[in-house]
Amino acid sequence: MRVCGQLYPFSSSASYEVEALIDNGQIHISYDLNRAVRCSLDSLSLSTPIPGVATQASFPSGERFVPHSSDFVWPAHKKHKGIAKLERHYVMIFSALLLTPLLIYALLFKVVPSTAVWLVDYVPESVVDTMGQQSMYLIEENFLSESELPPETQSQIHLIWDEALAAVALSKERYQLDIYASEHFGANAFALPHGQIVITDDLIEALADNPNAIRAVFLHEIGHVEGKHSIRLAAQAFAGTIAMSFIFGDMEGILELIIGSGNLIMGAQFSQKMEWEADEFALQRLTHIGHSSADFADALKRLKALSEAQDSTSEEDGTWLEYLSTHPSLDERIKHAQTYQTK
């Protein structure tokens with residue numbers, strides 16, 4: 001086989017129009033009077049085949065040979081011939097354009113969440129504690145202040161908390177309650193992955209005439225911890241970042257996510273599915289210990305009323321009842337709680 005092309009000698013700016021002879025697994029090229037280069041085809045270093053571009057061959061001694069024809073396929077590269085054909089196949093190209101986004105969607109929204117649910121059972125408790133404590137530190141430093149409620153009111157809330165834990169057979173070593181004032185969160189309660197529950201002065205005051213509603217809120221937040229919702233969100237973010245890094249070739253995001261795991265939990269919003277799971281936990285436990293699911297419905301109705309009142313008096317966002325902005329429809333949840341006792 002003879003192949004015409006351009007030869008570029010090693011350590012030289014010159015180039016030569018040559019004809020390469022390929023025979024019995026060897027390549028031989030004569031150039032510049034009595035000079036020549038020869039080696040086996042297996043010893044050639046070939047550039048990546050690109051449709052429409054000639055594949056360059058580099059000799060062990062440093063010379064480079066570029067065929068004139070972009071369609072020439074080196075014997076050592078016959079395995080890429082099929083790939084080259086696919087790259088020229090318009091149906092395959094358009095199919096890839098269509099299927100790639102679908103595959104990415106399936107990976108990020110189906111495979112990754114399923115993997116995250118599986119991973120949470122293997123997360124060490126020490127990691128959970130570190131993530132929860134780091135998150136609490138950030139929240140406390142930026143958004144919380146010492147409670148302004150009278151000591152006797154705080155004692156009553158802690159008594160409700162202790163009774164709720166005892167009623168559902170949960171350990172005080174696993175769970176703890178803290179009361180804070182917060183202009184940022186307003187009437188709110190939230191749970192951290194290591195079992196710390198925070199309730200604000202505003203929410204306690206809003207539910208002051210219905211201690212059972214406060215108990216229902218506690219059980220809802222405990223439901224988030226029991227369901228490992230924060231860890232599931234973090235696992236989804238980790239798995240999603242890894243998947244995106246492999247797809248787009250940026251592995252730096254993984255390290256950034258590991259370092260900022262506390263910020264991740266602090267800023268994460270629970271999905272609607274997780275909220276329904278926490279609601280279901282609270283409603284089951286309430287009815288199990290002899291209380292009415294209407295207590296939880298009442299808590300939600302109070303929060304909805306506060307939200308509507310705030311909307312009518314302030315145009316500022318992010319300063320009041322952020323609890324509500326991360327949750328599913330309150331009307332649906334209220335209706336579910338009101339009818340739960342009839343199931």
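This is a predicted model: local features need pLDDT of at least 70, side-chain atom pairs count only at pLDDT 80 or more; totals for chains, interfaces and linings use all residues.
The protein chain contains 13 helices and eleven strands. Of its 343 residues, 40% are buried. Taking contacts between residues at least 6 apart in sequence, 60% join residues at least 24 apart.

An open sheet is made of four strands in the order 8-9-11-10, with mixed pairing. Its edges are strand 8 (145-146) and strand 10 (189-191), each of which pairs on one side only. Between strand 8 and strand 9 (residues 176-181) the pairing is antiparallel and runs over two bridges. In this pairing, Glu146 has Tyr180 of strand 9 as its bridge partner.

Two helices lie across this sheet. Helix 3 (residues 125-143) lies across strand 8, strand 9, strand 10 and strand 11 (196-200), and runs at about 20° to strand 9. Helix 6 (residues 211-226) lies across strand 9, strand 10 and strand 11, at about 25° to strand 10.

Helix 13 (residues 330-340) shows a pattern of burial along its length. Its residues Leu330, Arg333, Ile334, His336, Ala337 and Tyr340 are buried. These residues cover an arc of only 160° around the axis, and therefore lie on the same side of helix 13. The spacing follows from helix geometry: an α-helix has 3.6 residues a turn, so residues three or four places apart point the same way.

Most residues other than glycine have a negative phi. Asn24 is not a glycine, yet has a positive phi of about 50°. Asn24 is placed in the loop between strand 2 (16-23) and strand 3 (26-31). With 71% relative accessibility, Asn24 counts as exposed, because the cut-off for that class is over 50%. Asp32, also not a glycine, has a positive phi of about 50°. Asp32 belongs to the loop between strand 3 and strand 4 (35-40). The relative accessible area of Asp32 is 32%, which makes Asp32 partly exposed.

Asp32 also takes part in a salt bridge. Its side chain meets that of Arg35, at 3.4 Å from N to O. Arg35 is partly exposed, at 42% relative accessibility. The structure holds nine salt bridges.

Another of these joins the side chains of Asp209 and Arg302, at 2.8 Å from N to O. This pair links distant parts of the chain, 93 residues apart: Asp209 is in the loop between helix 5 (201-206) and helix 6, and Arg302 is in helix 11 (residues 294-313). Asp209 is exposed, with a relative accessible area of 59%, and Arg302 is partly exposed, with 23%.

The side chains of Glu277 and Arg232 form a further salt bridge, at 3.1 Å from N to O. Here too distant parts of the chain are linked: Glu277 is in helix 10 (residues 272-288) and Arg232 in helix 7 (residues 229-248), 45 residues apart. Glu277 is partly exposed, with a relative accessible area of 28%, whereas Arg232 counts as buried at 11% relative accessibility. Finally, salt bridges with shared partners join Asp209, Asp298 and Arg302 into one network.

Technical notes:
Residues are numbered from 1 along each chain as its sequence is written. Side-chain values use heavy atoms; hydrogens and water are left out. Buried means under 20% relative accessible area, exposed over 50%, partly exposed in between (1.4 Å probe, protein chains only). Contact means heavy atoms within 4.5 Å. The arc is that of the directions from the helix axis to the C-beta atoms. Two strands pair if DSSP finds at least two bridges between them. Axes are lines fitted to C-alpha atoms, for helices over the stretch in contact, and angles run from 0 to 180 degrees between N-to-C directions. A salt bridge is a side-chain nitrogen of Lys or Arg within 4 Å of a carboxyl oxygen of Asp or Glu.
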